[in-house]
Amino acid sequence: MLDDLAVAGIIQLLNFDIYLLFPYQEIRMPKALITGITGQDGSYLAEFLLSKGYEVHGMIRKASTFNTGRIDHIYQDPHDPKARLFLHYGDLSQSEMLIYLIYNVQPDEVYNLGAQSHVKVSFEMPEYTGSITGLGTTRILEAIRSSGIKARFYQASSSEMFGSAPPPQKEDTPFEPRSPYAIAKTYAYWMTVNYREAYGLFAVNGILFNHESPRRGETFLTRKVTRAVARILSGQQDKVFLGNLDARRDYGYAPEYVEVMWRMLQHEVSDDYVVGTGVAPTIREFVQEAFDYAGLDWEQYVEIDPRYFRPTEVDYLQADSSKARKMLDWAPKITYKQLARIMVDADMEAVGLQPIGEGLEIIEQSFGDWHRWETGVTAVLKNANKGFD
């Protein structure tokens, strides 16, 4: 017997194949709306859903500068009758705009990935973080409820919600958030649970542990490190300044995590899931792995700057994703050592150096057609100057 996930996948692929054969027939593609589509996760999710035959709609903020570098390689002219990716202006701070967008798009699935997602920045902008990361979720949930759309809803929750809770952390581990970002995410988590229980919405929380990639913003720790490695190799940088190297984090690869987001919404019952690798190196170990891969002694190039320490630190995050492995038939292929190789190779290519090549091989061996080095890394690097935040 095929499980629900397999049946859903077959139906979506069949619908897409039929559409290609008979594009003018009334065969409706599954339709998804993604907030935060220009971010790391949103761009990968858009690629993944397009490969599944979806029509994808993304919400972007109106700004005076372009911030679409991560999705320019998949953007389609909306005048093209075969276009399946559409962008709409919107903002998580504006309820009326969200209601209008959801009512007019009529999505089958809504993925809320939009947020102020930088933990250190949340200490400097706590009110803004609360409004966008916390209340923004409420605004979307209420827009779904009030519009009457029968959409399934995914909320991007965070391992930061566990804070000082002892590892490993799983679905029933009590939250002990230690930053404005984590507190906002905890509010959004419980609001998602409340709408599920109070109004019967199909609403899930994906409690994702750290997931990184070459598309990660340059101020995030992993990308800051691998970019520094490449720039040191190319003679463009001498040092990299970091904060707490003793904290432990469960680092995974972002493209794997967007697949599990989709799997959550294909399940017959809405629920909450912890997602991670179960491997939690210290930040020092990740730094050493990245520098060692490039043949560099990290201690010669890394300096500690107290400015990068958080007012309240989170010491140890390690996922117990047994539930996701069992219920969603999902398991990660890539842990921090492979991740470091992928990201260093990508950043070497970005500065014009020949990549060492192990990272490229890992991607080619681990993923299907939807995520390849040429389309998933190289194509995006060409647009990197248009807005990696």
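User: Where do Tyr195 and Tyr199 lie, and how many residues apart are they?

Analyst: This is a predicted model. In it, Tyr195 and Tyr199 both lie in helix 6. They are four residues apart, about one turn of the helix.

User: What makes Tyr195 and Tyr199 an aromatic pair, and why is the pair called tilted?

Analyst: Ring centres must lie within 6.5 Å to pair. For Tyr195 and Tyr199 the value is 5.0 Å centre to centre. Planes under 30 degrees apart count as stacked, and over 60 as edge-to-face. The planes of Tyr195 and Tyr199 are 50 degrees apart, so the pair is tilted.

User: Is Tyr195 buried or exposed, and how do you know?

Analyst: Buried means under 20% relative accessible area. Tyr195 has 7%, so Tyr195 is buried.

User: Why is Tyr199 called partly exposed?

Analyst: The class runs between the 20% limit for buried and the 50% limit for exposed. Tyr199 has 45% relative accessibility, so it counts as partly exposed.

User: How many aromatic pairs does the structure hold?

Analyst: The structure holds 13 aromatic pairs. One of them joins Phe162 and Phe175.

User: Why is the pair of Phe162 and Phe175 called tilted?

Analyst: The ring centres are 5.3 Å apart, and the planes are at 50 degrees. Phe162 and Phe175 are both in the loop between strand 5 and helix 6, so the pair ties together parts that are 13 residues apart in sequence. Both residues are buried. Phe162 and Phe175 also belong to one aromatic cluster with Tyr189, Trp190 and Phe209.

User: What is the peptide bond from Pro167 to Pro168, cis or trans?

Analyst: The bond is cis, with omega near -10 degrees. Pro168 has its place in the loop between strand 5 and helix 6. Most peptide bonds are trans.

User: How do you know that Glu47 is buried?

Analyst: Its relative accessible area is 8%. The limit is under 20%, so Glu47 is buried. Glu47 is found in helix 2. Among the residues it touches are His73, Arg215 and Trp370.

User: What makes Asp347 buried?

Analyst: Asp347 has a relative accessible area of 4%, under the 20% limit, so it is buried. Asp347 is found in helix 11. It touches residues including Arg223 and Arg227.

User: Why is Asp329 called exposed?

Analyst: Exposed means over 50% relative accessible area. Asp329 has 56%, so Asp329 is exposed. Its place is in the loop between helix 10 and helix 11. Asp329 has a positive phi of about 55 degrees although it is not a glycine. Most residues other than glycine have a negative phi.

User: How do you know that the charged end of Lys62 sits over the ring of Tyr89?

Analyst: NZ of Lys must be within 6 Å of the ring centre and within 35 degrees of the ring normal. The charged end of Lys62 is 4.3 Å from the centre of the Tyr89 ring, and it is counted as sitting over that ring. Lys224 lies over the face of Tyr308, at 3.6 Å from the ring centre.

User: At what distance and angle do helix 2 and helix 8 cross?

Analyst: The axes of helix 2 and helix 8 come within 9 Å and cross at roughly 65 degrees. The crossing is right-handed. Residues in the contact include Tyr44 and Phe48 of helix 2 and Val258 and Trp262 of helix 8. By class, the contact has nine nonpolar, one polar and two charged residues.

Definitions and conventions. Residues numbered from 1 in each chain as written. Predicted model: local features only at pLDDT ≥ 70, side-chain atom pairs only at ≥ 80, totals over all residues. Heavy atoms only, no water. Axes fitted to C-alpha atoms, helices over the stretch in contact; angles between N-to-C directions. Helix = DSSP H or I, 4+ residues; strand = E, 2+ residues; numbered from the N terminus. Left-handed = near helix turned anticlockwise from the far one by under 90°. Contact = heavy atoms within 4.5 Å. Nonpolar A, V, L, I, M, F, W, Y, C, P; charged D, E, K, R; others polar. Phe/Tyr/Trp six-rings, centres within 6.5 Å; stacked < 30°, edge-to-face > 60°. Buried < 20%, exposed > 50% of the residue type's maximum accessible area, 1.4 Å probe, protein only. Lists of a residue's contacts leave out its neighbours within four places in sequence.
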